[in-house]
Amino acid sequence: MTQYDTPLFTGLKKHSERNPVQFHIPGHKKGAGMDSEFREFAGDNILSIDLINIAPLDDLHQPKAMIKDAQDLAAKAFGADHTFFSVQGTSGAIMTMVMSVCGPGEKIIVPRNVHKSVMSAIVFCGAIPVFVHPEVDKELGISHGITPESVSHALEQHPDAKGVLVINPTYFGIAADLREIVKIAHANHVPVLVDEAHGVHIHFHDELPVSAMQAGADMAATSVHKLGGSMTQSSVLNVKEGLVSSKRVQTILSMLTTTSTSYPLLASLDTARRQLATEGKELIDQTIRLAESIRERLSGIEQIRCIGKEILGTPATFDYDPTKIIISIKELGITGYQAELWLRKNFNLEVELSDLYNILCIVTPGDTEHEASILIEAMHALSIEYRHGKDFDIPEVMLPDIPLLALSPRDAFYSETELLPIEETAGRICAEFIMVYPPGIPIFIPGEIITEENLNYIHENIAAGLPVQGPEDETLKKLRVIKEHRAIK
């Protein structure tokens with residue numbers, strides 16, 4: 001087989017063409033038994049391959065035929081020894097990575113700005129996180145990556161760590177020196193796990209940051225659906241043999257994966273891999289050129305800052321992905337969320353993310369000059385709408401400190417707890433996750449000590465309209481904390 005082949009998608013099409021009589025699930029039976037409006041909208045072709053793991057179609061939990069062939073081709077495309085398809089998104093792949101190397105009470109070195117799936121895995125397996133402070137950009141109000149020096153210091157202090165987890169690149173497209181981090185970890189015989197949720201495309205173009213497999217990392221959870229052209233919720237887990245066992249990875253992934261795996265999602269991974277491997281460089285080259293053109297035009301708009309190569313130069317900002325358009329709008333005197341709402345209302349334009357100070361736009365091979373010109377027009381109009389005089393005071397960026405971890409996340413999550421009014425929780429140990437999603441980076445995790453500063457940060461996000469998620473009380477008037485047992489008088 002070559003990278004032009006799609007063994008899984010082709011096999012599904014052939015099965016559909018045979019049109020067998022189906023006395024198996026799914027119950028809609030190629031669409032015949034489902035709501036007619038949905039069937040008409042979705043289309044008969046996609047419903048004809050919405051199947052289940054019957055023998056001719058292989059089984060994701062123990063692949064031996066067309067799924068195995070598709071995963072083998074993906075491994076060659078990504079430079080991995082093994083590639084596993086995930087229908088649990090990159091979150092499922094990330095949890096698999098952590099749980100493949102860590103058990104109860106074992107340590108894993110992680111940046112504090114990790115996705116909630118990392119912390120979920122740590123709760124599940126009972127690992128102890130050793131947090132490394134990411135480098136903070138005080139102008140933009142965002143966190144970048146971790147440095148090789150901080151990884152080295154963490155391993156010196158915790159030589160018994162079972163793994164090092166790195167975000168490469170970050171949600172905002174910033175990459176650290178991954179090759180050096182891998183070199184340091186491997187010198188200590190510690191595997192490197194990479195959250196590559198926002199970097200499927202970087203492996204296929206030499207103008208982009210180095211990919212996890214190119215850097216020699218041991219595992220990488222990669223979102224093909226985010227930037228690689230597959231359907232939402234489909235991702236891959238790339239593995240290199242040596243410090244991790246692919247057999248254990250398969251076992252853990254299977255434990256976390258539904259037995260009713262989605263064949264349309266799997267087929268979309270197969271075809272996305274073909275496109276990336278055979279056309280990726282050309283498509284990504286066009287995308288980079290379009291993104292750079294957008295960046296140049298945005299930079300000419302008054303009181304709007306569009307981030308480019310000038311962000312590089314520190315150990316944590318070693319490289320960046322130009323297809324991520326970071327637009328700082330704090331000089332307009334509005335929040336990113338206000339800008340998001342205004343763009344939606346006035347231009348029918350949706351951004352990837354907004355926070356207190358920025359909006360993030362992602363450019364992919366699915367974009368053209370048509371979409372680019374609308375974005376430029378919209379940002380010009382936004383600038384005019386909120387333009388102000390030179391005497392305006394630019395808002396000071398507020399970034400909370402990383403809380404202290406007083407209890408392991410697993411112990412805190414399963415402890416006896418109580419709900420308290422949020423204003424009474426400072427100094428108590430948090431028992432739940434609190435985050436702004438996207439990007440899904442926790443403000444608090446179970447086991448951390450709640451501080452007034454971080455409570456103020458939560459209130460500021462709520463006041464700005466940003467989606468603070470996680471707490472049991474969705475109104476955020478109460479937080480769940482570890483119950484304190486006082487002496488009986």
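The largest pocket here holds about 1200 Å³ of space, a volume being the space filled by probe spheres set on grid points joined across faces, edges and corners. A pocket, on a 1 Å grid over the protein atoms alone, is an open set of points where a 1.4 Å probe fits, with protein on both sides within 12 Å along at least five of seven lines; lining residues have an atom within 4 Å of a point. Keep in mind that this is a predicted model, where local features need pLDDT of at least 70, side-chain atom pairs count only at pLDDT 80 or more, and totals for chains, interfaces and linings use all residues. Residues are numbered from 1 along each chain as its sequence is written, and side-chain values use heavy atoms, without hydrogens and water.

- Among the 49 lining residues, Asn113, Val436, Pro439, Ile441 and Pro442 sit closest to the pocket centre.
- H5 gives the largest share of the lining, with 4 residues; helices are DSSP runs of H or I, at least four residues, and strands runs of E, at least two, numbered from the N terminus.
- By type, the lining splits into 25 nonpolar, 16 polar (Gly among them) and 8 charged (Asp, Glu, Lys and Arg) residues.

**A four-stranded sheet**
- Four strands make an open, antiparallel sheet in the order S11-S13-S15-S14, where pairing takes at least two DSSP bridges.
- At the edges are S11 (305-306) and S14 (353-354), each pairing on one side only.
- Helix H13 (336-347) packs on this sheet, touching S14 and S15 (358-362), with contact meaning heavy atoms within 4.5 Å.

Note on methods. Axes are lines fitted to C-alpha atoms, for helices over the stretch in contact, and angles run from 0 to 180 degrees between N-to-C directions.
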